[in-house]
Amino acid sequence: MRVLFLAPNSPKTGNCTTAERIRNHIVAAGHTCVLCDTRGFSSASDVSSLMTQEPRFEAALAIHLFKGGRLLLDAGVPFGVVFGGTDVNEDVKDEHKRAVMEEVLHKARFAVAFTDKLKERAEELLVCASKIYVQPQGIETRVASHFSWSDFLHRTGVRAKQEENVRVFLLVCGLRRVKDPLYLLDVFAEWHSQNPLVALIIIGPKIDPVFTTEVEESVKRSVGVYLAADLSQEELHAAMQKSFALVNSSLSEGMSAAILEAMDLGLPVLARDVPGNAAIVEHEVTGLLYSSPQEFVNMSRKLLNDHELQERLVRNGKNYITTCHNPMKERIAYQKLVETLH
């Protein structure tokens, strides 16, 4: 079977990583799966034109009900959809987008949510004709073997006399407003002025050019906060492994791959207390959830000084990934779902 797979596919974003992984599952079952960036299509008619070309697609899949799903409404083939997160958490507030997403759900053979909470929210806010399956993301991490942490710190601008004692809080996100990377800027700069051995490094692809400029200018004016050049996935995992903690400050999340990868790599997680994060981070068990910048600093200080807490979070986080985010379980689930598109 030849499957068209549409995803909001900015390189190195969570959606891109997820899409590549799901595509690999489909290919492993013997199908052909062509992954396309939703940004390459302006309307559903663009996709329907593509469907008439040889060799023809027999089925389709999309990540994100609005950005991807709307493009499949005139595809003329059976399709399934995967919730992205911002579709249910943000786009649903727009009446037009909500109507489009309900039409997508009506026509889809199946829909996949990463968490029970995301499924419940979708069923509460949208008229859901299609069956929603819950399938957590499968997580696999690979660490670059020749990564120099010292070089990375120097390139990023971290200059500390006691480099080996610097505690890096790594904020991994695509630079766009919903990720809110400047949320902790002022309070972290203030903390750094009291303790020069803590540093906040923001790293991720430049998705929104206007907002990226805003982030760059704000970081230049701050002390203790840095913006790193983007890395390959394996280099990023190496940097995460060397950091003290992974930080998430998003206004909204579906299921943060960076949080799950940090748990897999043995890194404590400090995440903003929003529904998508609270679905995968159990406070003081698998990570720490904060509701304000000051609460973030208070929790970070405690984490720095409490080795027992650090070890507990790391141990429980790793166990959670092994139990709930097994990539082989994810593979079997998607292969079964794709069979329903025949």
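**Sheets and helix packing in a predicted model**

Let me begin in strand 9, where A228 is the bridge partner of I203. The chain passes from strand 8 to strand 9 by way of helix 8, residues 209-220, and this β-α-β crossover is right-handed, a term that applies if, with the strands pointing away from the viewer, the path from the first strand over the helix to the second runs clockwise. Strand 8, residues 198-203, and strand 9, residues 225-228, run parallel and are joined by 4 bridges; two strands pair if DSSP finds at least two bridges between them. Helices (H or I, at least four residues) and strands (E, at least two) are DSSP runs, numbered from the N terminus.

A word on the source: this is a predicted model, in which local features need pLDDT of at least 70 and side-chain atom pairs count only at pLDDT 80 or more, while totals for chains, interfaces and linings use all residues. Residues are numbered from 1 along each chain as its sequence is written, and side-chain values use heavy atoms, with hydrogens and water left out.

Helix 7, residues 185-194, has as its buried residues (under 20% relative accessible area, with a 1.4 Å probe and protein chains only) L185, V187, F188, A189, W191 and H192. These buried residues of helix 7 pack against strand 7, strand 8, helix 8, strand 9 and helix 12, where contact means heavy atoms within 4.5 Å.

Turning to the other sheet, 6 strands form an open sheet with parallel pairing, in the order 2-1-3-4-5-6. Strand 2 and strand 6 are the edge strands, each pairing on one side only. Within the sheet, strand 1, residues 2-7, and strand 3, residues 59-63, pair in the parallel sense over 4 bridges, and L6 stands opposite A62 in strand 3. Helix 5, residues 116-125, packs on the sheet, touching strand 5 and strand 6, and its direction makes about 165 degrees with that of strand 6; axes are lines fitted to C-alpha atoms, for helices over the stretch in contact, and angles run from 0 to 180 degrees between N-to-C directions. Helix 14, residues 327-339, lies across strand 4, strand 5 and strand 6, at about 160 degrees to strand 5.

Finally, the axes of helix 12, residues 293-305, and helix 13, residues 307-324, come within 5 Å and cross at roughly 100 degrees. The two helices are therefore roughly perpendicular to each other, the term for angles of 65 to 115 degrees. Helix 12 contributes K302, L303, L304 and N305 to the contact, and helix 13 contributes H307, L309, Q310 and L313.

How values were computed: Angles under 35 degrees count as roughly parallel, over 145 as roughly antiparallel, 65 to 115 as roughly perpendicular and the rest as oblique. Buried means under 20% relative accessible area, exposed over 50%, partly exposed in between (1.4 Å probe, protein chains only).
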